[in-house]
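Thank you all for coming.

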Amino acid sequence: MSRSNAAARPLSRRRFITISAAAAAGVAIPLGAVGAEPDLHTWRGIALGAKAEINLLHTDADRARHLFSSIEGEIRRLEGIFSLYQPDSELSRLNSTGLLFAPSLEMLEILSLSQRLHRATEGAFDPTVQPLWGHYARQVAGNQTSDFAAAFARVGFNHVQIRPGEIKFRKSGMAMTLNGIAQGFVTDRITAFLERESCGDIVVEIGEIAARGTAPQRMQRGETGWPVTLRPDPSLIDAQAEIHLANAAVASSARLGTTFDQGGSRSHILDPRNGHPVDTGLAATSVVAPSAALADGLSTAALVCGETQLRQALTGFQKARAFIVREDRSTSWLAT
């Protein structure tokens, strides 16, 4: 599996999930008398190279601004762990030397979940595909001498030694990308921070989307959740689903959402088991799960797994389900 990586920053992953929040125009929407009922406050920025947005209901505008300031600091801190672009990040230092001493708790936690996903998907989720991604990116740049066999030989999450005191690559030339899970992980961290600050009605979108509580327009009608439109493949307008996201997260991936070739036929999502761009009969998928990191990782692996294996992988994760779009434009929900 793979998504956009440092070797070709312009090939950023496109997402097609729409949150139908009342603050789409970026203004606070009053729900009642000033000071008595919460308003909807919105923050927008960039996190891990992707557009980010947070909507939260709060009665105190100054407090909301303070929370947003704290969130910006936490995002920058987490980027210092997971970023492929920052040369001094923990991930970059590990990729550069093959060894990372005293890894952060966050790095150990994300790699622990990665191991679980690796096992559940029978190797379809594998952060060590970075050498392969670099190979294909070099080909796009015109470097025809790039060696596929050498790149493929460096792939294998089972060759990563993970201990509390150090993380080590057992093969020379290995490298990891966490782009298939880190955005979800950061989304979860920011969501948890806001919950600790007593923010009960929120939507956090940092590459992936997590929702808690209820949207203003649904709250007024006595309903729950946030209305979400899933459209994992933009070229298939009719292949979409409407859901209400409550205390859950969602992530999407499209086979041709980003491609290596100008013709748009060579997917950026790679199968770590054979080294080639995926072609399993699935065009796109959206995964709904209790956590954004889990949804992110499963949606990354989904197009590698294909429908049958994805159905089996979902059984290992409670309350996880997937909306799949096949190449023939038919759709289905797969549930645990």
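**A covered strand and some aromatic neighbours**

Let me begin with strand E9 (residues 226-230), which is mostly covered, since five of its five residues are buried, where buried means under 20% relative accessible area, exposed over 50% and partly exposed in between, with a 1.4 Å probe and protein chains only. Please keep in mind that this is a predicted model, in which local features need pLDDT of at least 70 and side-chain atom pairs count only at pLDDT 80 or more, while totals for chains, interfaces and linings use all residues. Residues are numbered from 1 along each chain as its sequence is written, and side-chain values use heavy atoms, with hydrogens and water left out.

In a regular strand the side chains alternate between the two faces of the sheet. In E9, Trp226, Val228 and Leu230 point one way, Pro227 and Thr229 point the other way, and all are buried. Helices (H or I, at least four residues) and strands (E, at least two) are DSSP runs, numbered from the N terminus. E9 runs antiparallel to strand E10 (residues 241-245), and five bridges join them, where pairing requires that DSSP finds at least two bridges between two strands. Within this pairing, Trp226 stands opposite Leu245 in E10.

Turning to the aromatic rings, the rings of Phe, Tyr and Trp (its six-membered ring) pair if their centres lie within 6.5 Å, and planes under 30 degrees apart count as stacked, over 60 as edge-to-face and the rest as tilted. By this rule the count comes to three aromatic pairs. One of them is the edge-to-face pair of Phe82 and Phe185, at 5.4 Å centre to centre with 80° between the planes. Because Phe82 lies in helix H1 (residues 61-82) and Phe185 in helix H6 (residues 182-196), this pair ties together parts that are 103 residues apart in sequence. Phe82 is buried at a relative accessible area of 1%, and Phe185 is buried as well, at 4%.

Phe148 and Phe152 form a stacked pair, 5.8 Å centre to centre and 15° between the planes. These two are four residues apart in helix H5 (residues 148-153), so about one helical turn separates them. Phe148 is partly exposed at 25% relative accessibility, and Phe152 is partly exposed at 28%.

Finally, which residues does His135 contact, leaving aside its neighbours within four places in sequence? They are Ser146, Asp147, Phe148 and Ala151, with contact meaning heavy atoms within 4.5 Å. His135 itself is found in helix H4 (residues 130-140) and is buried, at 2% relative accessibility.
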